[in-house]
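Please look over the sequence and the fold shown below before reading on.

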Amino acid sequence: MKIRSLNHGDALKLLPNRPVNGHKGDFGKILLLAGSVGYTGAPVLAALGALRTGAGLVFLGVPERIYQIAAMKLTEPIVFPLPQQDGMLSQEGLARILEKASSMDAVLIGPGLGCSDATEEIVCQVLSSCKVPVVLDADGINLAGKHKDILRGRTSPTILTPHAGEFQRLTGRKPENRLDSAVEAAKDLGGILVLKGHETVITDGAAVYINPTGNPGMAVGGSGDVLAGMIVSLLGQKIPPLEAAACGAWLHGAAGDLCAKELGQYGMLPTDMVQVLPRLLK
């Protein structure tokens, strides 16, 4: 099995050309289903990560109880409220979610979503019905892991972005050998695994990328939300799924390295990484 890694030039070459007569609908329509009471930062960071990586239109669906918080923090995304129960998304919004997802180029489910019977049903229905690529992060992974048959049955690309703990919940085992564990899980689930951590492993079970960028200063809440938004943005811009995941991981880590150099590993934040991203995309 050939193991590859990207450099800055490789990442830039993967970005699609932007025609002079293009419009926002040409550069990726993205739907994010995220957030719950107590977890209002995750959807915001994911949306900012998607926008800073070039998505033309970002739609963010959140429980109505946190709608005002998300809408006040975000200017560019289209934030809309969905029915909620106990501070999390409710099944009453399922029909609207599925209708919205059907018109998107890619969908992200999970940052700050929370786990309930309703969010589990929403994850299952989106995965079963959605014909576009889906990225699963955080609670999206935790919930989908209960329904591996749905993951295996998907015909459109699925990208899962677990850290070690989420990987163990997803597969039932610790990733002792990160490379072998990620490859085996990707083969089993029929998707792309982004096993986060030092030298993040990105694989579809056949090809492998090892990410060389990143540093311990990125080990802070919210960093993974930014990455998930970046990957779904690149996926929605029609970059092939494995390369979208590898490119997102490289850019995410490189942004973290810039922040560590300029701010130090102790003081850097995910919002700082979002701010420096444009410097890597020129």
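How many cavities of 30 Å³ or more does a search of the whole structure find?

## Basis of the report

This is a predicted model, in which local features need pLDDT of at least 70 and side-chain atom pairs count only at pLDDT 80 or more, while totals for chains, interfaces and linings use all residues. Residues are numbered from 1 along each chain as its sequence is written, and side-chain values use heavy atoms, with hydrogens and water left out.

## The cavity

The search finds one cavity of 30 Å³ or more, where a cavity is a set of points on a 1 Å grid over the protein atoms alone at which a 1.4 Å probe fits but cannot get out, and lining residues have an atom within 4 Å of a point. The largest cavity holds about 40 Å³ of space, a volume being the space filled by probe spheres set on the grid points, which are joined across faces, edges and corners.

Its lining is made of Ser5, Leu6, Ile202, Tyr209, Ile210, Asn211, Pro212, Ala246, Ala249 and Trp250. Strand 12 and helix 11 are the elements that give two or more residues to this lining, and helix 11 gives the most, with three residues; helices (H or I, at least four residues) and strands (E, at least two) are DSSP runs, numbered from the N terminus. By class, the lining residues of the largest cavity are eight nonpolar, two polar and no charged, with Ala, Val, Leu, Ile, Met, Phe, Trp, Tyr, Cys and Pro counted as nonpolar, Asp, Glu, Lys and Arg as charged, and the others, Gly among them, as polar.

## The pockets

A pocket, in contrast to a cavity, is an open set of points with protein on both sides within 12 Å along at least five of seven lines. The largest pocket has a volume of about 410 Å³ and is lined by 20 residues, of which Lys196, Gly197, Thr200, Met218 and His252 lie nearest its centre. Helix 10 (223-236) and helix 11 are the elements that give two or more residues to that lining, which divides into six nonpolar, twelve polar and two charged residues.

The second largest pocket, with a volume of about 180 Å³, has a lining that includes Tyr39, Asp137, His163 and Lys196. Three nonpolar, three polar and five charged residues make up the lining of this second pocket.

## The sheet and a salt bridge

Ten strands form an open sheet with mixed pairing, in the order 1-12-11-10-9-8-7-2-3-4, where two strands pair if DSSP finds at least two bridges between them. At its edges are strand 1 (3-4) and strand 4 (78-82), each pairing on one side only. Strand 8 (residues 134-136) pairs with strand 9 (residues 158-160) in the parallel sense over three bridges, and Leu136 stands opposite Leu160 in strand 9.

The structure holds six salt bridges, each a side-chain nitrogen of Lys or Arg within 4 Å of a carboxyl oxygen of Asp or Glu. In one of them the side chains of Glu120 and Lys146 meet (3.5 Å, N to O).
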